[in-house]
Amino acid sequence: MKREEDERKIMGAEEEQLNEKSPSTANPITPAQFLSWKRQKDADTSARKAEAARKRAEDIAAGTVQMNGRELFLHEPWVFDNH
C-alpha cells in the first residue's frame, strides 16, 4: 500500500514537471507571423525553381545536356509526328 502511494506521488511530481516545462519551451507564433514566413518560403522556392529552369534551358540550348522526352516533345514536336 505504501509503495503504491509513493509511486503515485513520484508520478504526480513528474507530470507536474512536464507540465511546467511545456509552456516555457513552446514558442507561440501568430497567424500573421506564419503567413509572412510562408510567403517568404514560397517566394524563395519559386525563385529557385525559376533559376533552375532557366539554367536547364540554357544548357539545352548550348547542347551540354540532353533533353528528356517532355522537353523534346515541347521543343521539337515534329520528331513525334507519324505522318
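I'll start with one residue. Trp 37 has a relative accessibility of 45%, so it counts as partly exposed. Keep in mind that this is a predicted model.

Trp 37 has a partner. The structure holds two aromatic pairs. In one of them, the ring centres of Phe 34 and Trp 37 are 5.6 Å apart and the planes meet at 40 degrees, so this pair is tilted. Why tilted? Planes under 30 degrees apart would count as stacked and over 60 as edge-to-face, and the rest are tilted. Phe 34 and Trp 37 are three residues apart in helix 2, which covers residues 31-62, so about one helical turn separates them. Phe 34 is partly exposed as well, with a relative accessible area of 40%.

Now the whole chain. How many helices and strands are there? The protein chain has three helices and zero strands, and along the sequence the pattern reads α-α-α. Of the 83 residues, 1% are buried. The chain exposes about 8000 Å², and carbon and sulfur atoms supply 56% of that.

Back to helix 2, for the charged side chains. The structure holds five salt bridges, and I'll go through some of them. Asp 42 and Lys 38 form one, at 3.4 Å from N to O. Both residues lie in helix 2, four residues apart, or about one turn. Asp 42 is partly exposed at 40%, and Lys 38 is partly exposed at 35%.

Further along, Glu 58 and Arg 54 meet in a salt bridge at 2.4 Å, N to O. They are four residues apart in helix 2, so about one helical turn lies between them. Glu 58 is partly exposed at 45%, and Arg 54 is partly exposed at 39%. Which residues does the network of salt bridges link? Glu 51, Arg 54 and Glu 58.

Asp 59 also forms a salt bridge, with Lys 55, and the closest N and O atoms are 3.1 Å apart. Here too the two residues are four apart in helix 2, about one helical turn.

Next is Ile 60, also in helix 2. Leaving out residues up to four places away in sequence, Ile 60 touches Val 65, Met 67 and Glu 71. Ile 60 and Glu 71 are eleven residues apart in sequence, and their C-alpha atoms are 9.4 Å apart in space.

Last, the surface. Phe 73, Leu 74, Trp 78, Val 79 and Phe 80 make a nonpolar patch of about 580 Å². Phe 80 sits in the segment after helix 3, residues 69-75, and is partly exposed, with a relative accessible area of 39%.

Conventions:
Residues are numbered from 1 along each chain as its sequence is written. This is a predicted model: local features need pLDDT of at least 70, side-chain atom pairs count only at pLDDT 80 or more; totals for chains, interfaces and linings use all residues. Side-chain values use heavy atoms; hydrogens and water are left out. Patches are made of residues with over 30% relative accessible area and no salt bridge: like charges are joined within 9 Å, nonpolar side chains (Val, Leu, Ile, Met, Phe, Trp, Tyr) within 5 Å. Accessible areas come from the Shrake-Rupley method with a 1.4 Å probe; for residues, only the protein chains shown count as cover. A salt bridge is a side-chain nitrogen of Lys or Arg within 4 Å of a carboxyl oxygen of Asp or Glu. Buried means under 20% relative accessible area, exposed over 50%, partly exposed in between (1.4 Å probe, protein chains only). Rings of Phe, Tyr and Trp (its six-membered ring) pair if their centres lie within 6.5 Å; planes under 30 degrees apart count as stacked, over 60 as edge-to-face and the rest as tilted. Contact means heavy atoms within 4.5 Å.
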